[in-house]
Every structure is written in structure tokens, then in C-alpha cells.
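Here is a short tour to read with the model open beside you. It starts with the overall layout and then moves on to a few residues.

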Amino acid sequence: MTTGSYEKILKQIKHKKNKVVRFKKHNIPKKRKQGIGARKCSRCGRYGAHIRKYDLNVCRQCFREIAHELGFRKKGHEV
Ligand SMILES: [Zn+2]
């Protein structure tokens, strides 16, 4: 189970109140202060390959898609 998917289980057990209480007590992943798990892509929620430079806070895949709109240009690819 990844940290992003624990909410799916809550949807499955929402009608069993005691189970929800126990699940929240024992199974919700703790908030990370540092490391890969602390930073999430603001666009898709991915954890890996995170770009923090210029306060972008997106993963490399999202950066590739939105870079042109943000004003980034590839060197030697003038359009
Ligand atoms: Zn992303």
C-alpha cells in the first residue's frame, strides 16, 4: 500500500464505524518531514523525480508537459 492510496480503503469500510476508527488509529501513514515521501507533485501526486527549483514542485513528467507554457525553451529549438 502506498501513502497515496490509503483513502481507498476508507471508502470500502465507511459503513463500519469501528473499523474506520481502528484503521485511522493504526494504518494511516505518518506525515513525512523530509525525504521523497515529504514531497509530492502538485499536478499528479507522484513522489519520484521531483523538481523543487524555482518553486515548481512538479515531477519531471509533468514538467515536460507544462515547461513550454511556463516559458522554458530548449536551447537551439527556437520556434
Ligand atoms: Zn506530476
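## Two domains

Taken over C-alpha atoms, the centres of domain 1 and domain 2 are 32 Å apart. Domain 1 covers residues 1–30 and domain 2 covers 39–79; such bounds come from an automatic or database domain assignment.

This is a predicted model, in which local features need pLDDT of at least 70 and side-chain atom pairs count only at pLDDT 80 or more, while totals for chains, interfaces and linings use all residues. Residues are numbered from 1 along each chain as its sequence is written, and side-chain values use heavy atoms, leaving out hydrogens and water.

## A positive patch

Arg46, Arg60, Arg64 and Lys74 form a positive surface patch. Patch residues have over 30% relative accessible area and no salt bridge, with like charges joined within 9 Å; a salt bridge is a side-chain nitrogen of Lys or Arg within 4 Å of a carboxyl oxygen of Asp or Glu.

One of these, Arg64, sits in helix α3, residues 60–70 (helices are DSSP runs of H or I with at least four residues, strands runs of E with at least two). Arg64 counts as exposed because its relative accessibility is 70% (buried is under 20%, exposed over 50%, partly exposed in between, with a 1.4 Å probe and protein chains only).

## The loop between β1 and β2

Which residue in this loop has a phi near 55°? Tyr54 does, a positive value in a residue other than glycine, and its loop runs between β1 (50–51) and β2 (58–59). With 61% relative accessibility, Tyr54 counts as exposed.

Asn57 is also placed in the loop between β1 and β2. Its phi is positive too, at about 55°, although Asn57 is not a glycine. Asn57 is partly exposed, at 32% relative accessible area.

Methods. Patches are made of residues with over 30% relative accessible area and no salt bridge: like charges are joined within 9 Å, nonpolar side chains (Val, Leu, Ile, Met, Phe, Trp, Tyr) within 5 Å. Accessible areas come from the Shrake-Rupley method with a 1.4 Å probe; for residues, only the protein chains shown count as cover. Lys and Arg count as positive and Asp and Glu as negative; His and the chain ends are not counted. The place of a charge is taken as NZ of Lys, CZ of Arg, CG of Asp or CD of Glu.
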